[in-house]
Amino acid sequence: MQRPISIGLTENDMRLFFAIDDFKYLDRVYIDGVIYAGHSKQYITNRLWKLVQNGYLDRIPKVGVLDWNYIITEQTIRVLDFLERGDEEEAFNRLVYSNEPQPQMQHQLELSYVIATIKKQFPDSIYINERMATFQYGIRKHEVIRPDGQVLIPIGNNCYISYWIELERATTGQKGNVFKIRRYNAFLQQSCFLEQYHYPGEVVEFCCLYIGARRVDIERLARYAASGRPQFTIEYMNMEDEILPLHFGASERRAQQCE
């Protein structure tokens, strides 16, 4: 039997649901610092527990050393679906968490911090999660782009720079990275981005943000990327620093494209 709903949802609660919908998992560090910033830890602990007790969230064992991780429940998916999707069954089918391995969980947790870093510097940026950023540009199975996420940076006059987010692990091989870049090249050459409905304005430039686990990974990623002969700009950051690269985002040259 479904547990009774005994609390009213706040704006921050809804932000939390949508954030977990984007990243699949969130931990307390992110939730405390981004979602419920300004509230005491005791308030946040009590609030999360109430959301768990009322069926909106589930807690799963922690990864690493930080508290619990949180996922949304089928009940919450119905709430989000009512707000923005219109197809509850399909939404639920795409949000199956229980069998995901811990490396994938850690990957999604790290991605949430990367997007938070971008949002801090570019508050009006738009994040597009993996399932929305995935696009089949050809008829063959491999003719698809599937970034970890996509960010649109506004540069004025309803224009944007698009960044594909690629969070790479230390074990990622050269062959996989080369194929990935070739698919991005094909996507751009065929102007398939014109068919992607979710852009709110004109995308004047496509770029990629490669993210390594450590500083030493950046040279390796740059070497692999060069082998793919990218026809777009690639910039690099590492999870150790969580500092965006110097040239990330709008520049005077790019802004002139919207004049």
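Predicted model: local features only at pLDDT ≥ 70, side-chain atom pairs only at ≥ 80, totals over all residues.
Welcome! Residues are numbered from 1 along each chain as its sequence is written, and side-chain values use heavy atoms, with hydrogens and water left out.

**Nonpolar cores**
- Ile-165 is among the residues with the most contacts inside the largest nonpolar core, which has 46 residues; Leu-16, Leu-57, Ile-118 and Leu-209 are the others named.
- A second, separate core has 24 residues, including Phe-135 and Phe-232.
- Such a core is a set of buried Ala, Val, Leu, Ile, Met, Phe, Trp, Tyr and Cys residues joined through side-chain atoms within 4.5 Å; buried means under 20% relative accessible area, exposed over 50%, and partly exposed in between (1.4 Å probe, protein chains only).

**Salt bridges**
- The structure holds 7 salt bridges, each a side-chain nitrogen of Lys or Arg within 4 Å of a carboxyl oxygen of Asp or Glu.
- Glu-168 pairs with Lys-180, their closest N and O atoms lying 2.6 Å apart, and both residues are buried.
- Asp-32 forms a salt bridge with Lys-41 at 3.0 Å between the closest N and O atoms; Asp-32 is buried at 12% relative accessibility, whereas Lys-41 is exposed at 58%.
- Arg-220 and Asp-217 meet in a salt bridge of 3.6 Å, N to O, and both are buried.
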